[in-house]
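Dear colleague,

I am passing on the structure we spoke about, together with some notes on what came out of the analysis. Please read the notes with the coordinates open beside you.

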Amino acid sequence: MSAPLATFRSEWAKLTTVRSTAWTLFAAFAVTVAFGTLVSALSNARYDDLSQQERHAFDAAGTSFTGGVLGQLAMIAFGVMVIGAEYSTGMIRNSLAAVPRRGVFYFGKLAVATGVALVVGLVTSFVTFFAGQAALGSHSTTLGAHNVLRATLGAGLYMALMAVISMGVATMLRSSMLSMGILMPFFFLVTQILSSVPGAKKVAHYLPDQAGTAMARVVRDSDVPYGPGGGLVIMLVWVAAAVLGGYLVLRNRDA
Amino acid sequence: MIELAGVTKRYGEKVVVDDLAFTVRPGCVTGFLGPNGAGKSTTMRMMLGLDRPTSGHVLIDGRPYAQLKEPLRHIGALLDAKAMHGGRSAYQNLRCLALSNRIPESRVEEVLHEVGLNPVARKRPKGFSLGMGQRLGIAAALLGDPEIVLLDEPVNGLDPEGIHWIRTLMRRLASQGRTVFVSSHLMSEMALTADHLVVIGRGRLLADTSMEDFIDRNSRSSVRIRTPEPEKLRDVLSAVGITAAETGSGAFEVAEVPAERLGELALAHGILLHELSPQHASLEEAFIALTGEAAEYRTGPLAATAASGRDGIAPQTQPIGTES
């Protein structure tokens, strides 16, 4: 009974006693807010250039969350480092010797780090929302408007889930360098490129970051074949796959 | 107590640990010896439940490792001194481990004091010297005040003072009735610390015996005699059927005959002796004699030629095991 609780406390201590945690999470927050506010200000300035149709589809809340495209990279770094540090330092052997039930260790670690990422993600999404709306001036929306609160929660949740996917991937690959080398270009370049290639676009819709974008929108993108609920489901499937993959590797391989 | 029964570890075709069975008992220092690549570290990882044996099992105090509720309170291990987070202070590194096994935080201070690291407790181990890192690793092993302490090559790369410190610590832990299991490929080091020896080569058990037995059984004891009357001595010895190998300048080596008997013979025949000294083969020599066959990586012809003059070592003319 006490084993999971002790593991939580240990993992919390691990997370709060290294500087990299604060740095990556602060980066996720700052980059998302700064970039989201900048895009919102630019959108406000250029609003008059938009066509009637574009104005109709304009998503004030979604616009303020644009910074997540960059901020998520810091969240990925956070997720990778939570797991990767165990392997790069060799600490994993001490950790598993202390908590030999690997499921307890793995899910304990994931739970603590996910909780932290969720809090940071939600704070980030609310701050970026208000900052973005301030920058949007007369074209802004409010939290009370239809679906806006849901989109804001979705944006925060998305950031946390990206961290979870990264933790799963890092556990499968057992290396920070390798995980960063795969996840960073993938989410920064590959999905962006895929989603702009006509043929690949259909596939790209089902990648995590596209699904996440849907979660953070108020006005549904007519190109995307699912809404925010569908986005969340797709996201959760990715999370489940990464977490399960990580668990199987950790359970079955020698440390 | 650590019990191994039929433990085998295979990586694909390669058998790293082959049907190991032995018991590590409390109250003494058990040295775990073997040449590099003999499977020592793999065996220790299996003891800690980190690697899964292909077959067989390891029991810690009668239970599989994974069933220990708070394992650090039963068994503490130093596998790799660098296995700490370089960016987290020494104190916090230990505190994280302590929390996971509900070990009171006061123990962290205690073990840091015990290994002499309390002045740098708040420093990050990134900047620690090898010796300090090793001390921190040992502090982690002692954290849960365990009955069993497992140390993998603890003296590697340490200065003489650090080596002396670890040696004293191991002796003290054993005298407190704990089980101390320490691996090394340094035979001379083991000779000074271990009471009991487990020797493996190529993953197989070669010996599981007390230190004295090990040396007696694996070495020829001899007596060195020096006299100003070598001809007379040789005649006397050969008259009673003892062969003496002359080693130059009036000195002889006599094997398998007690020094007392040689001294009596010399006295009875009025031969003046300048030296009469029993020669015990060192653990080093006994070890090489035992594992010579089983060593995974051998030196090539060049090194072998240099060594061929030494007693008890068959010169290697062909390197075996070219994989690395």
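In this predicted model, the crossing of α11(A) and α12(A) is left-handed. The axes of these two helices, α11 spanning residues 208-215 and α12 spanning residues 228-252 of chain A, come within 7 Å and cross at roughly 145°. On the α11(A) side the residues that meet the partner helix are Pro208(A), Ala211(A), Gly212(A), Ala214(A) and Met215(A), while α12(A) contributes a set that includes Pro228(A), Leu232(A), Ile234(A) and Trp238(A). Sorted by kind, the residues of this contact comprise 9 nonpolar, 3 polar and no charged.

Turning to the contact between the chains, 25 residues of chain A and 29 residues of chain B take part. On the side of chain A that touches chain B, α1, α2, α5 and α6 each supply at least two residues, and the largest share, 7 residues, comes from α1(A). That side of chain A divides into 11 nonpolar, 8 polar and 6 charged residues.

Leaving aside residues up to four places away in sequence, Leu94(B) touches Val108(B), Val111(B), Ala139(B), Ala140(B) and Leu143(B).

With best regards

Definitions and conventions: Residues numbered from 1 in each chain as written. Chains lettered and ligands numbered in written order. Predicted model: local features only at pLDDT ≥ 70, side-chain atom pairs only at ≥ 80, totals over all residues. Contact = placed C-beta atoms within 7 Å. Helix = DSSP H or I, 4+ residues; strand = E, 2+ residues; numbered from the N terminus. Nonpolar A, V, L, I, M, F, W, Y, C, P; charged D, E, K, R; others polar. Axes fitted to C-alpha atoms, helices over the stretch in contact; angles between N-to-C directions. Left-handed = near helix turned anticlockwise from the far one by under 90°.
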